[in-house]
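Student: I am new to this structure. Could you look closely at one part of it, and then go on to some others?

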Amino acid sequence: MDLAGERVLSGVDLSLDPGEVLALVGENGAGKTTLIRCIAGDLEPAAGKVVVAGNAVSGGGSMPEGAAVLWQDGDVCENLDIAQNLALGQERRQMLPSRADLHMRAGTALGEMGLDLGDVSRPARVLSGGQRQLLLIARVLSGSPRLVVLDEPTSSLGIEEARWLERTIGEMSEKGTAFVVASHDLGQVLRMAGRVAVLRRGRLVAQLDAARAHVDDVAALMSGRQPDVSARRQLSRLHGLADRLASAPPSSGISLILAAASAAHSNAAVTTHVVDQGRLFCIASHGVAPDVAQELARFSSPQDAGPIGLAATSSAETRHYPGSSLRGWKPWEALAAAGLSGCVVVPLFVADGVGGVMTLFYRPGRAPEKEQIDLLSLYASQAAAALERDRLLAETTIRNRALETVRDILEVLNRPASAEESVAVALATLVTDIRAEGVGLVLAGDGSDTQVEDYADGLAWKGFVDADGMSCKPPLCLEEAAAERLSYHSVSLEGPGGSSPGRFGCGHQDHLWAGFEMPGRAALVVAVFASIPDRSVRYVLQDAAHSLRLALERERAELARQQAAAILRTQELQQLFLGRLSHELRTPLTAIRGYATSLLQKDVEWDNETKERFLGRIEEESARLGRLVDDLLDFSAIEAGIFRVHPDWCDLRLVIEAAVACLPSQRWAIEVDCDPALPSVWADHDRMEQVLVNLLTNALRHNPPGTRVKVTASTVLSDNALPARVEVSIVDNGGEVCERLGPRAENQGERSASGLGLSISEGIMVAHGGDLDKVSGPSGTSVRVWIPLEPAGGTQP
């Protein structure tokens, strides 16, 4: 073929059978468009001829009968509407159809081809570039031509439109229409053509079987290079893949492997599914149409996954499944609609068995041979290695996340706070880190060292926090589920290490729990989720359970240490108390014995005055010894909880006067100030007098000489903490030298008594429903006793 004296085509000899799809490929200027013009009758070759259906094609613009051409630079007529553009070249000479009939026919034709261009009465000028190209393609394909010539048909089309054209060409070729397609998209060419003709500088350099050709081979022939031999080519690809995997982020490894596997198998559709808890998920795909990818995205069980599930469960070797064996599989309709006719599945073996499946889907007439299946297995091994690498990376990430959470929890638990506060803050930290709806800690058992047969007894929640970290009550269904899992026959808690995390449902939520066991106690850490959490949460929950167990054991050890320290302190106080008590007992006994021995001496004659003085001292010391014994009996009764009072209505003013009268020698140092309107109280007169005598004695005995004491009594209204009451205050100005409250009185030298007075006074006031407290300062000591106006229980006896 010569144009302007220059030979454009030479030695091009091609034949095309009905239903065959021939692709013309070549670089710019290779002669593709010129060859198409010769086939369409637009140019007449200088030598040779073009024959269509047995009829020679003459030049001069005469289109062969039964042929249709889509020119690369064609466009729609903007002054016509969509329907009129679709009918161009197909008008009937006898009569023109009505406008309504034309629009109806256009809508029907577009619908049969699966195209939606909207209202066909719209002018063509409003269409986008892609829609204009679709309209031109539809005009060429309408009328059932026997030969269709397409020059760069997808240059203006999107991905979905290009796939529509591929499907349409496949469907029409099956009905006998032959296609000649010129395109620069080599991947698309190999997918939809049966044969590829490579042009270079106007010459036909090769014709390739598209099912066995590779994009790299076609590109090499187009540029004048010889294609590599198969083994060398594949080795080069694998080396290139290894280099890309080494520099790519871990998350993109599977995608790179699938892209390489697809390229090595003539751009076939390839998917990778992973197995997770009996379900299969598609994690990557290449060359798969969106509707097919949706069908293959997830399978709830291996039975639903067809050949993919079979390879995942049976650990079988690579298997080939032709379309005839897949007709009962649910996704097969979408696969067949996408022009796929079978698949090859390869299991991906990882450290713990089959971790996934790689699947290659092929088109009709392109079933892979043994060498290609072996090559797919090689890529599958790369994918398995990538899966194992991703798994190890995920495990490392999970462990790091767990360590960070445990570190946060340990920091909280190591703070100087009570165990309840630490556990609450630790649970709030945990619920934030694992993004749960709530987290709680439940304990069972009495904490004794005895063998526990059923942990469901003595169930107690140590704490529960919601998603905001606020303490709240756990849901009822969660309480019941936790009690069931703490039952001896329902859950096995494996020693101090705890058990592996478990899962159970409750209402519309999902729960994870991790248990552990301590001497005489069992515990569950329970997390509530709105949906099933990922695997990393289980590790975090288990490590958090270990940390909380350590905190509880530390609390137990600290409690034991405090108890031991309290016992030791009690023993020390007992020894101190017994030493002081022996001194208090020995002092009157020594005096009694001394005076009695003196009186019994036979060699001494005592006068009557001395005898009376000795006998008086013996009487005083005997009375002192009797009071000490009474104090011991009262103190023992108070400590044993059997102390009793005998109350009656009494006037506190008279009680105060009687107490002051018991100290006649020190009456001058005591000032009494009572409210004239002081009401009567329900109290034991003698015991209240005993309290006031003890307090006055302490104030005068344990202060320097000359100390003044003031006694006041008044009525106080009720407040938030105490009821309406009568208060009696004893205030001295003798300095900070007053006996301490309670039985833990400390030795203060010669001024101290047995330490029982205030302890007994406090016990007497508590028995009356009141109390006693003391404030000691540099200017003196103030002791306050109060008794409620109403008897205990609020009713008059």
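Tutor: A residue is called buried when its relative accessible area is under 20%, exposed when that area is over 50%, and partly exposed in between (1.4 Å probe, protein chains only). Helices (H or I, at least four residues) and strands (E, at least two) are DSSP runs, numbered from the N terminus. This is a predicted model, in which local features need pLDDT of at least 70 and side-chain atom pairs count only at pLDDT 80 or more, while totals for chains, interfaces and linings use all residues. Residues are numbered from 1 along each chain as its sequence is written, and side-chain values use heavy atoms, with hydrogens and water left out.

The part to look at is helix 17, residues 608–640. The expected span of a helix is 1.5 Å times one less than its number of residues.

At the start of helix 17, a side-chain oxygen of aspartate 607 comes to within 3.2 Å of the backbone nitrogen of glutamate 609. After the helix comes glycine 641, with a positive phi near 80 degrees.

Next, a loop residue. Histidine 768 sits in the loop between helix 20 (757–767) and strand 27 (771–777). Its relative accessibility is 10%, so it counts as buried. The side chain of histidine 768 reaches the backbone oxygen of isoleucine 764 at 2.8 Å. Contact means heavy atoms within 4.5 Å. Leaving out residues up to four places away in sequence, histidine 768 touches Val645, Trp682, Ala683, Asp684, Arg687, Met688, Ile787 and Pro788.

Now the strands. Two strands pair if DSSP finds at least two bridges between them. Strand 17 (residues 438–444) pairs with strand 21 in the antiparallel sense over seven bridges, and leucine 441 stands opposite valine 525 in strand 21. Eight of the nine residues of strand 21 (residues 521–529) are buried, so the rest of the structure largely encloses that strand.

An open sheet of six strands has the order 6-7-8-3-9-10, with mixed pairing. Its edge strands, strand 6 (67–70) and strand 10 (203–209), each pair on one side only. Strand 7 (residues 147–151) and strand 8 (residues 178–182) run parallel and are joined by five bridges; the partner of valine 148 in strand 8 is phenylalanine 179.

Two loop residues by this sheet's strands have positive phi without being glycine. Glutamate 152, in the loop between strand 7 and helix 5, has phi near 50 degrees and counts as buried at 9% relative accessibility. Arginine 201, in the loop between strand 9 and strand 10, has phi near 55 degrees and is exposed, with a relative accessible area of 69%.

Finally, the whole protein has 20 helices and 28 strands, and 45% of its 797 residues are buried.

Terms used
Polar contact = N/O pair within 3.5 Å; in protein donor to acceptor, adjacent residues only side chain to side chain.
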